[in-house]
Amino acid sequence: MNSTTMTTSLYGQNLNSTTPTGTGKSLLVFFLVYIVAIVAFMFITFFWFFKFSKAINQYTHGLMGTGVTFLLLWLLHFIGVAIVQDSFNDMLSSDGTNSPQPPPVMPAGPPVVTPSGPSAGVPPGPVVQAVAF
């Protein structure tokens, strides 16, 4: 056999070559998928932070503006989350009008039952009528 003879595989690839023949196309496909994934991730993150910022603005009644909150979350992610959490903590500890209302306190003692139906106007217990002489 001659030493210059090229060996080919069943699929027609040159087995003596050091570089695969399909590397350029697969690298291009990988690069395009990578770019699309990064753009999709950026869009989803942008959308999520914007919606979250609007909700924070509504919850804080305007103390944390949508734009400020969005920039804090987008540019300074972990620091921005800490600042937003600090504003939530301030709202709960202050006596201002923007703080969420605490749950109603149940009165001590047995529950009060209000009668309904045809006897709604009748007081509970035996009925005592006074007789005048």
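Start with the crossing of α1 and α2: it is right-handed, meaning the near helix is turned clockwise from the far one by less than a right angle. This is a predicted model, where local features need pLDDT of at least 70 and side-chain atom pairs count only at pLDDT 80 or more, while totals for chains, interfaces and linings use all residues. Residues are numbered from 1 along each chain as its sequence is written, and side-chain values use heavy atoms, without hydrogens and water.

Select residues 23-59 for α1 and 66-75 for α2. Helices here are DSSP runs (H or I, at least four residues), numbered from the N terminus. Their axes come within 8 Å and cross at roughly 135 degrees. The axes are lines fitted to C-alpha atoms over the stretch in contact, with angles from 0 to 180 degrees between N-to-C directions.

Next, show the contact residues (heavy atoms within 4.5 Å). On α1, pick Phe46, Phe49 and Phe50, among others; on α2, Phe70, Leu73 and Trp74 are among them.

Now select Tyr59 and Phe88. Their ring centres are 5.3 Å apart and the planes stand at 85 degrees, so the pair is edge-to-face (centres within 6.5 Å, planes over 60 degrees apart). Tyr59 sits in α1 and Phe88 in α3, 29 residues apart.

Finally, colour by pLDDT (the predictor's confidence in each residue, from 0 to 100). The chain mean is 75, and 53% of residues reach 70 or more.

Note on methods
Helix = DSSP H or I, 4+ residues; strand = E, 2+ residues; numbered from the N terminus. Phe/Tyr/Trp six-rings, centres within 6.5 Å; stacked < 30°, edge-to-face > 60°.
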